[in-house]
Amino acid sequence: RKNMLKDYAGYVSEGKDFPLREFTARTEASSRTIGYGKSMMVFHMIHNRIGSEAFHEAWRYVYDTYRGRKVAWADWIDAFERTSAQPLARVLPQWIDRPGAPRIELGPVRTTDSGSLYRVTFELLQTADDAYDLLVPVRVVGLDTTVDTSVHLASRRQEFTLAYPFMLEQLAVDPDFDLFRHLLKQEMEPVLS
């Protein structure tokens, strides 16, 4: 996933970006990155949101229902909603019909100790004018404990507070590259593209 995000950074300039729905065939590195890479990430993000059981059940449903026919993005989303009972209507406009990717930055981070609980308060920022609606993976690390969770980021600037019964040593945002997004410069080694 990180390599795919590096490809997006290296090959897809503003003039070469287009909505995933417009992908018809690979013609160059930028169209390959959007058509194959971005679509892979969309499926991965849906899998993370609805879970493996509902995700694989949707694939079975699509196979049984559309075997031998073209499947539109709306059909996929309908299948995922049907098997997970989760509304995914926002997936189409923001990931399928919109070019680009979100830019997420970590703002100020504060920790507090109330005796039995350690709290971390942090801000996430999106630099796009029209904020994406995101389920952002967050990893909190303590001395002998790691907790993976997620926060719902739906505006350009949002503050979150998490509390745990252990001292917090590290906070990581999307550490496993589960979101389709622009990488920060410090996340990416130099590449020739």
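Hi everyone. Let me begin with a term: a nonpolar core is a set of buried Ala, Val, Leu, Ile, Met, Phe, Trp, Tyr and Cys residues joined through side-chain atoms within 4.5 Å. Please keep in mind that the structure above is a predicted model.

So, how many residues does the largest nonpolar core have here? There are 52 of them, and the ones with the most contacts inside the core are Val42, Ile46, Phe80, Trp95, Phe122 and Phe180. Helix 2 is the top contributor, giving seven residues to this core. If you wonder about the background, nonpolar side chains in soluble globular proteins tend to be buried together.

Let's look at Val42. Which residues does Val42 touch, once we leave aside its neighbours within four places in sequence? The list is Leu20, Trp73, Val91, Trp95 and Ile96.

Now to charged side chains. Searching the whole structure turns up 16 salt bridges, and I'd like to show you a few.

Here is one: Lys16 and Glu28 meet through their side chains, at 3.1 Å from N to O. Both residues lie in the loop between helix 1 (2–11) and helix 2 (29–50), so this pair ties together parts that are twelve residues apart in sequence. Lys16 is partly exposed, at 36% relative accessible area, and Glu28 is partly exposed too, at 38%.

Next, Asp130 and Arg98 form a salt bridge of 3.9 Å, again N to O. Where do these two sit? Asp130 is in the loop between strand 2 (118–126) and strand 3 (134–142), while Arg98 is in the loop between helix 5 (91–96) and strand 1 (104–113), so the bridge ties together parts 32 residues apart in sequence. Are they buried or exposed? Asp130 counts as exposed, with 51% relative accessibility, whereas Arg98 is buried, at 17%.

A further pair is Arg139 with Asp148, at 2.6 Å from N to O. Arg139 counts as buried, with a relative accessibility of 19%. Salt bridges can also share partners: Lys2, Lys6 and Glu189 are joined into one network that way.

Three strands make an open sheet in the order 4-3-6, and their pairing is antiparallel. Why is one side of strand 4 (146–153) and of strand 6 (168–173) left without a neighbour in the sheet? Each of these strands stands at an edge and has a single partner strand. From one strand to the next, the twist averages 25 degrees.

Zooming in, strand 3 and strand 6 run antiparallel and are joined by five bridges. Val138, for example, has Val173 in strand 6 as its bridge partner.

Key:
Residues are numbered from 1 along each chain as its sequence is written. This is a predicted model: local features need pLDDT of at least 70, side-chain atom pairs count only at pLDDT 80 or more; totals for chains, interfaces and linings use all residues. Side-chain values use heavy atoms; hydrogens and water are left out. A salt bridge is a side-chain nitrogen of Lys or Arg within 4 Å of a carboxyl oxygen of Asp or Glu. Helices (H or I, at least four residues) and strands (E, at least two) are DSSP runs, numbered from the N terminus. Buried means under 20% relative accessible area, exposed over 50%, partly exposed in between (1.4 Å probe, protein chains only). Contact means heavy atoms within 4.5 Å. Two strands pair if DSSP finds at least two bridges between them. Axes are lines fitted to C-alpha atoms, for helices over the stretch in contact, and angles run from 0 to 180 degrees between N-to-C directions.
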